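Subject: Structure handover: salt bridges

Hi,

Here is the structure for you to look over. My notes on its salt bridges follow below.

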Amino acid sequence: MAQTAGATRRPYREEAHAINPRDVHFDFATVPMHYIPGEALATHIINVMHLLLPEGERAMAQALAESLPYIDDERLREEVTGFVGQETMHAATHEAARKHLQSIGLDVDSYVAKIGWAVDRILGDHGLTGRAKEEWLKERLGLFAGMEHYTAVFGEWLLNAEMLEQKGMHPAMLDLVRWHGAEEVEHRSVVYDAFMHVDGSYARKARTAVVASATLLPLFVLSAGYMYRKDPSADKGRFWGWQFVSATRRKVIPSWTTFFTEIPRYLRPGFHPSQLGPMDDALRYLAHSPAARAAQQ
């Protein structure tokens with residue numbers, strides 16, 4: 001697959017460190033339904049990660065694995081391989097969290113099945129061959145690069161969200177989302193670089209970024225609302241829309257406006273994910289995360 005004129009080659013520079021999956025394990029046995037105390041809707045916003053990410057990250061890992069034959073840069077191939085391993089671990093871990101919540105009364109199996117069906121039908125390889133296969137791979141890489149921009153931005157937010165600790169978020173879930181957020185920051189450049197190496201079209205980058213933003217925001221809101229309605233707890237409160245606004249204002253959850261304010265930065269000529277900021281906080285957390293440290297022992 002030939003590079004287009006707009007593509008760039010491996011701008012890793014100071015971020016050129018090995019990306020490897022960590023064999024982490026979390027103990028969810030004592031995690032309650034509302035693991036952010038007094039914040040039912042905010043809890044379910046976090047739960048969207050458990051609901052949507054397993055299928056989405058498997059589809060992303062599949063697309064990146066399909067891109068390997070088209071990547072002749074050995075360093076980038078190593079990064080893509082490490083990325084696939086990390087995304088596979090993310091999917092398995094969030095699925096374990098979802099199964100725990102299912103066991104204590106949050107019945108979302110039918111919704112998860114629908115998400116899985118939609119992801120397969122929309123983001124699968126469709127059995128294409130030849131030129132059509134290459135073009136569809138480029139499209140998926142562009143879409144996933146746009147999505148990964150948001151996961152990196154929200155990863156930074158999770159690492160610095162002191163309100164989650166102040167609210168007494170359950171330690172296992174707090175470690176899970178921060179470990180995941182830290183790895184999203186750590187591998188924030190990989191999908192973008194793979195897309196730029198395989199294709200690099202600015203028009204495709206812009207189009208898929210808008211599609212990613214327009215898809216993720218309503219999907220997050222609708223999925224959180226669904227889980228709130230399925231929540232059997234008597235103390236979940238009323239008016240989930242008001243809880244959403246209140247939790248955003250108090251910085252218990254990130255602002256929904258991020259899906260709009262990040263588009264200009266992502267589409268700025270010369271943008272690269274390394275410009276999001278230093279990854280010191282992410283690497284520091286991965287060095288001290290209880291689950292990550294246990295995986296090293």
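A salt bridge here is a side-chain nitrogen of Lys or Arg within 4 Å of a carboxyl oxygen of Asp or Glu. By that rule the structure holds 22 salt bridges. Bear in mind that this is a predicted model.

Start with Arg140 and Glu66. They form a salt bridge, with the closest N and O atoms 2.5 Å apart. The pair links distant parts of the chain. Arg140 sits in helix H4 (residues 130-160), while Glu66 belongs to helix H1 (residues 40-67), and 74 residues separate them. Buried means under 20% relative accessible area. Arg140 is therefore buried, at 1% relative accessibility. Glu66 also counts as buried, at 17%.

Next, helix H4 again. Glu139 makes a salt bridge with Arg207, at 2.8 Å from N to O. Arg207 lies in helix H8 (residues 202-230) and Glu139 in helix H4, so this pair ties together parts that are 68 residues apart in sequence. Arg207 counts as partly exposed, at 41% relative accessibility.

Both residues also belong to a network of salt bridges. Its members are Arg131, Glu135, Lys138, Glu139, Asp199, Arg204 and Arg207.

Last, a pair within one helix. Glu95 and Arg98 meet through their side chains in a salt bridge, 3.9 Å from N to O. What separates them along helix H2 (residues 74-103)? About one helical turn, because they are three residues apart. Arg98 counts as buried, at 10% relative accessibility.

Best wishes

Terms used:
Residues numbered from 1 in each chain as written. Predicted model: local features only at pLDDT ≥ 70, side-chain atom pairs only at ≥ 80, totals over all residues. Heavy atoms only, no water. Helix = DSSP H or I, 4+ residues; strand = E, 2+ residues; numbered from the N terminus. Buried < 20%, exposed > 50% of the residue type's maximum accessible area, 1.4 Å probe, protein only.
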